[in-house]
Amino acid sequence: MTGHERGSSSRPALSRCIRVSPDEFGLRYWGREPLLSTAADLERGFGDLFSAAAVDELVTRRGVRTPFIRMANEGSVLSASDYTASGGFGAEIPDQVSSDKVLAEFAGGATIVLQGLHRLWPPIIDFTRELVDDLGHPAQVNAYVTPPSSRGFDPHYDTHDVFVLQISGEKHWRIHAPVLVDPLRSQPWDQHRAAVARAATGEPEIDAVLRPGDALYLPRGWIHSATALGATSVHLTIGMAAYTRADLADALLRQLGDNAELRASLPLGLDLHDSEALAPIVAQTVQALVETLQQTDASRPVAVLSARFGAETRAEPVAPLATVEALAALDGSTPVRWRESLPVRVTTIDDRVRIVARTKTLSLPVEAEPAVLRLATGDTVSADELPGLDAESAVVVVRRLVREGFVVAPA
């Protein structure tokens with residue numbers, strides 16, 4: 001159970017980025033083929049998420065450090081010392097962004113890459129969390145700021161799916177079909193550099209100029225390059241690290257230690273260069289592997305991937321000072337709601353109801369179960385509206401849930 005229904009039919013954050021329905025996107029495009037959506041196709045643009053002014057603020061006033069910023073020029077990544085410096089007295093750390101150095105490099109044609117904006121810029125923090133809820137896969141956001149008529153990176157492919165959201169300016173994109181379909185993280189494009197370069201000389205699948213409010217979806221493996229046109233281009237790249245069947249296989253293989261035959265040592269003196277000697281051992285190992293996997297309890301690989309997802313994504317942030325202040329004033333009429341994007345499991349054992357999250361478990365008296373389940377729907381309610389508890393007990397339960405970070409009191 002979660003604080004709200006993951007993957008609801010509307011998928012509002014995803015819908016902002018695509019000109020088709022979420023269902024059609026999932027069936028036809030997700031992981032299969034690119035999708036270009038123009039501003040005219042979409043309900044609204046992306047100016048509320050980011051802007052050129054936001055770039056200047058991050059470079060001049062936020063003390064951004066590497067690796068949250070990097071720069072590149074015509075396919076070559078610049079040394080960090082070319083755009084960073086010490087922050088001066090009280091902030092002597094040497095890898096902080098230097099606005100003077102950035103200006104010099106940017107005026108000379110270098111692209112600014114602001115990385116990890118899903119941790120730095122409030123509108124993008126919220127949007128990314130909502131998009132992760134819609135997708136069911138982790139996501140991260142970078143901004144690419146390219147001066148006029150410049151190209152930041154050579155044709156390449158990514159090992160994650162991406163959405164490109166054009167914020168300002170115009171950028172010419174050329175998209176080519178993969179030379180390696182669905183590459184894994186261990187199969188980056190530079191392992192196929194020559195093939196990628198050859199493919200990029202052919203006729204592109206998509207040859208288009210992205211303008212403000214346009215969006216482009218690219219599955220992993222699709223080759224792309226882009227050049228800014230007559231003005232500075234700012235676009236967001238949302239990288240989505242889709243879980244794969246290979247990830248599920250890795251989770252399944254963690255059960256191999258349950259099989260005594262697979263734990264056994266190989267024979268003493270075995271010549272590992274002798275394929276004939278190894279052949280029967282390989283056959284026996286395959287058979288033992290198959291038998292182990294056939295006895296798989298589906299809950300075990302699910303638990304592995306669930307834990308990984310929890311570690312790679314973030315729930316709605318909690319504000320420590322505001323929360324403590326809200327606790328002091330909380331009463332039966334105070335509106336509260338479940339913390340967004342916080343996956344939990346609610347179980348009842350004997351006389352206790354347990355709320356299990358990735359980093360903590362909270363145990364409450366079983367009488368609180370109806371109230372917990374009501375809150376976990378995600379609706380905004382007050383303690384007075386919760387079922388199964390008297391007024392005083394309901395306030396105590398809500399106060400505990402807020403204190404432990406399961407429930408928030410909206411400002």
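1. The accessible surface of the chain comes to about 20,900 Å², and carbon and sulfur atoms hold 53% of that area; accessible areas come from the Shrake-Rupley method with a 1.4 Å probe, and for residues only the protein chains shown count as cover. This is a predicted model, in which local features need pLDDT of at least 70, side-chain atom pairs count only at pLDDT 80 or more, and totals for chains, interfaces and linings use all residues. Residues are numbered from 1 along each chain as its sequence is written, and side-chain values use heavy atoms, with hydrogens and water left out.

2. Of the 411 residues in the chain, 41% are buried, where buried means under 20% relative accessible area, exposed over 50%, and partly exposed in between (1.4 Å probe, protein chains only). The chain has 14 helices and 19 strands, taken as DSSP runs numbered from the N terminus (helices H or I, at least four residues; strands E, at least two).

3. In helix α2 (residues 22-29), P22, F25 and Y29 are buried. They lie on the same side of α2 because they cover an arc of only 80° around the axis, the arc being that of the directions from the helix axis to the C-beta atoms. The exposed residues D23 and L27 sit on the face of α2 turned away from its buried side. Just after α2, G31 adopts a positive phi of about 75°.

4. V290 belongs to helix α10 (residues 275-294), and V290 counts as partly exposed because its relative accessibility is 34%.
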